[in-house]
2 protein chains.
Amino acid sequence: MQQRSLNPPVFHILLALADGSLHGLGIADRIDALTRGAVDLGPGTLYRSLKEMAEMGLIREAAPPDSDADPRRKYYAITAQGRRAVAAEAASLERLVQAARDRKLLPERA
Amino acid sequence: MQQRSLNPPVFHILLALADGSLHGLGIADRIDALTRGAVDLGPGTLYRSLKEMAEMGLIREAAPPDSDADPRRKYYAITAQGRRAVAAEAASLERLVQAARDRKLLPERA
DNA sequence: CGCGATCTATCCGCAATGGATATATCTGGG
DNA sequence: CCCAGATATATCCATTGCGGATAGATCGCG
(Lines give C-alpha, C1' and ligand atoms only; values in the text may rest on other atoms or scores of the structure.)
Protein backbone atom coordinates (compact mmCIF):
# COMPACT_ATOMS: atom_id res chain seq x y z
CA MET A 1 0.00 0.00 0.00
CA GLN A 2 2.98 2.26 0.59
CA GLN A 3 0.59 4.57 2.42
CA ARG A 4 3.54 6.23 4.01
CA SER A 5 6.57 7.17 2.03
CA LEU A 6 8.67 6.14 5.02
CA ASN A 7 8.64 2.59 6.31
CA PRO A 8 7.97 2.36 10.04
CA PRO A 9 11.52 1.24 10.90
CA VAL A 10 12.98 4.12 8.91
CA PHE A 11 10.70 6.59 10.63
CA HIS A 12 11.68 5.37 14.08
CA ILE A 13 15.36 5.43 13.27
CA LEU A 14 15.15 9.00 12.04
CA LEU A 15 13.23 10.00 15.14
CA ALA A 16 15.87 8.38 17.34
CA LEU A 17 18.66 10.19 15.50
CA ALA A 18 16.91 13.55 15.76
CA ASP A 19 18.42 13.98 19.22
CA GLY A 20 21.98 13.31 18.09
CA SER A 21 24.31 10.77 16.57
CA LEU A 22 24.09 7.17 17.70
CA HIS A 23 25.49 3.81 16.71
CA GLY A 24 23.39 0.88 15.53
CA LEU A 25 22.51 -0.83 18.77
CA GLY A 26 22.25 2.54 20.48
CA ILE A 27 19.53 3.43 18.02
CA ALA A 28 17.68 0.21 18.79
CA ASP A 29 17.92 0.94 22.52
CA ARG A 30 16.70 4.50 22.06
CA ILE A 31 13.70 3.34 20.07
CA ASP A 32 12.94 0.76 22.69
CA ALA A 33 13.04 3.43 25.39
CA LEU A 34 11.02 6.01 23.45
CA THR A 35 8.26 3.55 22.69
CA ARG A 36 8.46 1.77 26.04
CA GLY A 37 9.15 -1.55 24.40
CA ALA A 38 6.27 -1.33 21.98
CA VAL A 39 8.68 -1.22 19.05
CA ASP A 40 11.44 -3.77 18.92
CA LEU A 41 13.77 -3.46 15.95
CA GLY A 42 15.54 -6.71 15.13
CA PRO A 43 19.13 -6.63 13.90
CA GLY A 44 18.07 -7.66 10.42
CA THR A 45 15.80 -4.69 9.92
CA LEU A 46 18.15 -2.37 11.78
CA TYR A 47 21.30 -2.81 9.75
CA ARG A 48 19.52 -3.22 6.46
CA SER A 49 17.64 0.00 7.09
CA LEU A 50 20.77 1.89 8.09
CA LYS A 51 22.50 0.81 4.91
CA GLU A 52 19.57 1.79 2.70
CA MET A 53 19.01 5.05 4.51
CA ALA A 54 22.64 6.04 4.04
CA GLU A 55 22.34 5.27 0.34
CA MET A 56 19.18 7.35 0.17
CA GLY A 57 20.88 10.24 1.92
CA LEU A 58 18.57 10.26 4.93
CA ILE A 59 21.48 9.65 7.29
CA ARG A 60 25.25 9.76 7.02
CA GLU A 61 28.07 8.13 8.87
CA ALA A 62 29.34 10.39 11.61
CA ALA A 63 32.41 10.65 13.78
CA PRO A 64 32.15 8.99 17.21
CA PRO A 65 31.28 11.43 20.01
CA ASP A 66 34.30 10.41 22.10
CA SER A 67 37.75 9.86 20.70
CA ASP A 68 38.06 6.73 22.84
CA ALA A 69 34.77 5.21 21.78
CA ASP A 70 34.46 1.54 20.91
CA PRO A 71 35.89 1.38 17.38
CA ARG A 72 33.45 -1.34 16.42
CA ARG A 73 30.63 1.13 16.65
CA LYS A 74 29.52 2.99 13.55
CA TYR A 75 27.81 6.24 14.34
CA TYR A 76 25.12 7.78 12.19
CA ALA A 77 23.74 11.29 12.03
CA ILE A 78 20.52 12.50 10.48
CA THR A 79 20.90 14.69 7.38
CA ALA A 80 18.86 17.71 6.37
CA GLN A 81 17.05 15.49 3.92
CA GLY A 82 16.35 12.98 6.64
CA ARG A 83 14.99 15.72 8.82
CA ARG A 84 12.64 16.86 6.08
CA ALA A 85 11.50 13.29 5.47
CA VAL A 86 10.70 12.54 9.10
CA ALA A 87 8.96 15.89 9.46
CA ALA A 88 6.77 15.18 6.44
CA GLU A 89 5.96 11.77 7.79
CA ALA A 90 5.06 13.16 11.20
CA ALA A 91 2.81 15.72 9.56
CA SER A 92 1.10 12.93 7.67
CA LEU A 93 0.57 10.98 10.88
CA GLU A 94 -0.79 14.08 12.51
CA ARG A 95 -3.46 14.39 9.84
CA LEU A 96 -4.54 10.85 10.66
CA VAL A 97 -4.68 11.67 14.35
CA GLN A 98 -6.72 14.77 13.57
CA ALA A 99 -9.11 12.70 11.48
CA ALA A 100 -9.57 10.38 14.45
CA ARG A 101 -10.17 13.33 16.74
CA ASP A 102 -12.73 14.80 14.35
CA ARG A 103 -14.60 11.53 14.66
CA LYS A 104 -14.67 11.69 18.45
CA LEU A 105 -12.25 8.80 18.77
CA LEU A 106 -9.83 10.76 20.92
CA PRO A 107 -10.27 13.21 23.77
CA GLU A 108 -10.23 16.85 22.78
CA ARG A 109 -6.91 18.61 23.02
CA ALA A 110 -6.47 20.55 26.23
CA MET B 1 8.09 -5.18 13.85
CA GLN B 2 4.38 -5.03 14.67
CA GLN B 3 4.95 -1.71 16.41
CA ARG B 4 1.29 -1.06 15.91
CA SER B 5 -1.26 -3.59 16.92
CA LEU B 6 -3.38 -2.56 13.94
CA ASN B 7 -2.13 -3.02 10.42
CA PRO B 8 -2.25 0.17 8.36
CA PRO B 9 -5.04 -1.07 6.07
CA VAL B 10 -7.15 -2.07 9.07
CA PHE B 11 -6.62 1.29 10.71
CA HIS B 12 -7.68 3.18 7.59
CA ILE B 13 -10.75 1.04 7.09
CA LEU B 14 -11.86 1.61 10.67
CA LEU B 15 -11.31 5.33 10.30
CA ALA B 16 -13.36 5.37 7.12
CA LEU B 17 -16.20 3.48 8.81
CA ALA B 18 -16.21 5.79 11.83
CA ASP B 19 -18.49 8.15 9.90
CA GLY B 20 -21.03 5.50 9.03
CA SER B 21 -21.60 2.28 7.17
CA LEU B 22 -20.07 1.80 3.75
CA HIS B 23 -19.61 -0.97 1.24
CA GLY B 24 -16.23 -2.28 0.10
CA LEU B 25 -15.41 0.01 -2.77
CA GLY B 26 -17.02 2.91 -0.95
CA ILE B 27 -14.51 2.39 1.82
CA ALA B 28 -11.65 2.45 -0.66
CA ASP B 29 -12.99 5.68 -2.16
CA ARG B 30 -13.40 7.27 1.27
CA ILE B 31 -9.84 6.40 2.23
CA ASP B 32 -8.61 7.79 -1.04
CA ALA B 33 -10.44 11.02 -0.37
CA LEU B 34 -9.40 11.33 3.28
CA THR B 35 -5.75 10.82 2.46
CA ARG B 36 -5.83 12.74 -0.80
CA GLY B 37 -4.67 9.76 -2.77
CA ALA B 38 -1.71 9.02 -0.54
CA VAL B 39 -3.24 5.70 0.48
CA ASP B 40 -4.49 3.40 -2.24
CA LEU B 41 -6.00 0.17 -1.01
CA GLY B 42 -5.92 -2.57 -3.63
CA PRO B 43 -8.84 -5.00 -3.86
CA GLY B 44 -6.72 -7.82 -2.50
CA THR B 45 -5.95 -6.06 0.75
CA LEU B 46 -9.41 -4.52 0.95
CA TYR B 47 -11.55 -7.65 0.83
CA ARG B 48 -9.12 -9.78 2.78
CA SER B 49 -9.03 -7.17 5.52
CA LEU B 50 -12.80 -6.85 5.64
CA LYS B 51 -13.16 -10.58 6.04
CA GLU B 52 -10.57 -10.78 8.80
CA MET B 53 -11.89 -7.72 10.58
CA ALA B 54 -15.39 -9.16 10.64
CA GLU B 55 -14.00 -12.37 12.12
CA MET B 56 -12.11 -10.35 14.72
CA GLY B 57 -15.24 -8.43 15.63
CA LEU B 58 -13.89 -5.03 14.61
CA ILE B 59 -16.66 -4.56 12.06
CA ARG B 60 -19.95 -6.26 11.27
CA GLU B 61 -22.08 -6.58 8.21
CA ALA B 62 -24.78 -3.95 8.18
CA ALA B 63 -28.02 -3.32 6.35
CA PRO B 64 -27.78 -1.13 3.26
CA PRO B 65 -28.70 2.51 3.91
CA ASP B 66 -31.32 2.57 1.14
CA SER B 67 -33.79 -0.18 0.48
CA ASP B 68 -33.13 0.18 -3.24
CA ALA B 69 -29.35 0.00 -2.97
CA ASP B 70 -27.30 -2.12 -5.33
CA PRO B 71 -27.76 -5.64 -3.94
CA ARG B 72 -24.20 -6.57 -4.91
CA ARG B 73 -22.89 -4.21 -2.28
CA LYS B 74 -22.09 -5.50 1.16
CA TYR B 75 -22.21 -2.83 3.81
CA TYR B 76 -20.09 -2.83 6.93
CA ALA B 77 -20.38 -0.95 10.21
CA ILE B 78 -17.76 -0.39 12.88
CA THR B 79 -18.37 -2.15 16.20
CA ALA B 80 -17.68 -0.88 19.70
CA GLN B 81 -14.59 -3.06 19.75
CA GLY B 82 -13.45 -1.58 16.45
CA ARG B 83 -13.98 1.88 17.84
CA ARG B 84 -11.80 1.10 20.83
CA ALA B 85 -9.12 -0.41 18.62
CA VAL B 86 -8.90 2.55 16.26
CA ALA B 87 -8.90 4.94 19.21
CA ALA B 88 -6.00 3.13 20.84
CA GLU B 89 -4.11 3.14 17.58
CA ALA B 90 -4.70 6.84 17.07
CA ALA B 91 -3.45 7.53 20.59
CA SER B 92 -0.31 5.58 19.80
CA LEU B 93 0.24 7.58 16.63
CA GLU B 94 -0.30 10.76 18.57
CA ARG B 95 2.57 9.87 20.89
CA LEU B 96 4.82 9.54 17.87
CA VAL B 97 3.69 12.91 16.58
CA GLN B 98 4.36 14.42 19.97
CA ALA B 99 7.84 12.93 19.98
CA ALA B 100 8.47 14.56 16.62
CA ARG B 101 7.16 17.87 17.92
CA ASP B 102 9.41 17.66 20.98
CA ARG B 103 12.32 17.39 18.59
CA LYS B 104 11.32 20.53 16.70
CA LEU B 105 10.36 18.58 13.63
CA LEU B 106 6.88 20.04 13.51
CA PRO B 107 5.53 23.55 14.07
CA GLU B 108 4.24 24.20 17.56
CA ARG B 109 0.55 23.73 18.09
CA ALA B 110 -1.41 26.94 17.84
C1' DC C 1 44.61 -15.01 29.02
C1' DG C 2 40.24 -16.82 28.37
C1' DC C 3 35.24 -16.12 28.29
C1' DG C 4 31.05 -13.85 27.99
C1' DA C 5 29.20 -9.60 26.18
C1' DT C 6 28.88 -6.31 22.56
C1' DC C 7 28.65 -4.90 17.83
C1' DT C 8 28.09 -5.13 12.94
C1' DA C 9 26.54 -7.77 9.15
C1' DT C 10 24.21 -11.19 6.17
C1' DC C 11 20.99 -14.87 5.22
C1' DC C 12 16.61 -17.12 5.39
C1' DG C 13 11.73 -17.91 6.42
C1' DC C 14 7.32 -15.87 7.13
C1' DA C 15 3.76 -12.49 6.91
C1' DA C 16 1.64 -8.77 4.57
C1' DT C 17 0.58 -6.14 0.70
C1' DG C 18 -1.56 -5.25 -3.65
C1' DG C 19 -2.01 -6.26 -8.67
C1' DA C 20 -4.06 -9.59 -11.88
C1' DT C 21 -7.75 -12.17 -12.69
C1' DA C 22 -12.44 -14.35 -12.38
C1' DT C 23 -17.32 -14.02 -11.82
C1' DA C 24 -21.65 -11.88 -11.28
C1' DT C 25 -24.69 -8.06 -11.73
C1' DC C 26 -26.10 -3.37 -12.71
C1' DT C 27 -26.87 0.55 -16.00
C1' DG C 28 -27.24 3.05 -20.18
C1' DG C 29 -27.34 3.44 -25.26
C1' DG C 30 -28.80 1.89 -29.67
C1' DC D 1 -34.55 -5.85 -25.77
C1' DC D 2 -29.96 -6.69 -25.87
C1' DC D 3 -25.26 -5.73 -25.74
C1' DA D 4 -21.18 -3.30 -23.79
C1' DG D 5 -18.96 -1.18 -20.30
C1' DA D 6 -18.96 -0.11 -15.52
C1' DT D 7 -19.38 -1.68 -10.85
C1' DA D 8 -18.76 -4.94 -7.10
C1' DT D 9 -17.07 -8.87 -4.60
C1' DA D 10 -13.71 -12.36 -4.19
C1' DT D 11 -9.53 -15.22 -4.78
C1' DC D 12 -4.83 -16.15 -6.36
C1' DC D 13 -0.10 -15.22 -6.86
C1' DA D 14 4.21 -12.56 -7.10
C1' DT D 15 6.73 -9.24 -4.67
C1' DT D 16 8.24 -6.85 -0.75
C1' DG D 17 9.31 -5.98 4.00
C1' DC D 18 10.30 -7.50 8.44
C1' DG D 19 12.64 -9.83 12.01
C1' DG D 20 14.98 -13.98 13.97
C1' DA D 21 19.01 -16.96 13.43
C1' DT D 22 23.49 -17.06 12.63
C1' DA D 23 28.32 -15.64 11.74
C1' DG D 24 32.46 -13.20 12.67
C1' DA D 25 35.10 -9.74 14.95
C1' DT D 26 36.43 -7.13 18.94
C1' DC D 27 35.87 -5.46 23.67
C1' DG D 28 36.15 -5.71 28.82
C1' DC D 29 36.65 -8.11 32.89
C1' DG D 30 37.91 -11.64 36.18
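Residues are counted from 1 along each chain as its sequence is written, and chains are lettered from A, with ligands numbered from 1, in the order in which they are written. Because the model is predicted, local features need pLDDT of at least 70 and side-chain atom pairs count only at pLDDT 80 or more, while totals for chains, interfaces and linings use all residues.

Along the sequence, chain A reads α-β-α-α-β-β-α. Taken along the principal axes, the C-alpha atoms of chain A fill a box of roughly 55 × 25 × 25 Å.

The three strands of chain A form an open sheet with the order S1-S3-S2 and antiparallel pairing; two strands pair if DSSP finds at least two bridges between them. Strand S1 (22-23) and strand S2 (59-62) of chain A stand at the edges, each with a single partner strand, so one side of each has no neighbour in the sheet. S1(A) is joined by two bridges to strand S3 (residues 75-78) of chain A, and the two run antiparallel. Within this pairing, Leu22(A) has Tyr76(A) in S3(A) as its bridge partner.

Chain B also has an open sheet of three strands, in the order S1-S3-S2 with antiparallel pairing. Its edge strands are S1 (22-23) and S2 (59-62) of chain B, each of which pairs on one side only. Four bridges link S2(B) with strand S3 (residues 75-78) of chain B in the antiparallel sense, and Tyr76(B) in S3(B) is the bridge partner of Glu61(B).

Helix packing comes next. In chain A, helix H1 (residues 8-17) and helix H2 (residues 24-34) pack at an angle of about 95°, with their axes 9 Å apart; axes are lines fitted to C-alpha atoms, for helices over the stretch in contact, and angles run from 0 to 180 degrees between N-to-C directions. H1(A) is therefore roughly perpendicular to H2(A), a class covering angles of 65 to 115 degrees. His12(A), Ile13(A), Ala16(A) and Leu17(A) in H1(A) meet Ile27(A), Arg30(A), Ile31(A) and Leu34(A) in H2(A), contact being defined by C-beta atoms, placed from the backbone, within 7 Å. The residues of this contact divide into six nonpolar, one polar and one charged; Ala, Val, Leu, Ile, Met, Phe, Trp, Tyr, Cys and Pro count as nonpolar, Asp, Glu, Lys and Arg as charged, and the others, Gly among them, as polar.

In chain B, the axes of helix H2 (residues 24-34) and helix H3 (residues 43-56) come within 10 Å and cross at roughly 115°, which makes H2(B) roughly perpendicular to H3(B). Gly24(B), Ile27(B) and Ala28(B) in H2(B) meet Leu46(B), Tyr47(B) and Leu50(B) in H3(B). This contact holds five nonpolar residues, one polar and no charged.

Finally, the two chains can be compared. The same surface serves both copies, as 100% of the contact residues of chain B recur in chain A. The contact takes 27 residues from chain B and 28 residues from chain A. On the side of chain B that touches chain A, helix H1 (8-17) and helix H4 (80-102) of chain B each supply at least two residues, and the largest share, eleven residues, comes from H4(B).

Notes. Two residues are in contact if their C-beta atoms, placed from the backbone, lie within 7 Å. Angles under 35 degrees count as roughly parallel, over 145 as roughly antiparallel, 65 to 115 as roughly perpendicular and the rest as oblique.
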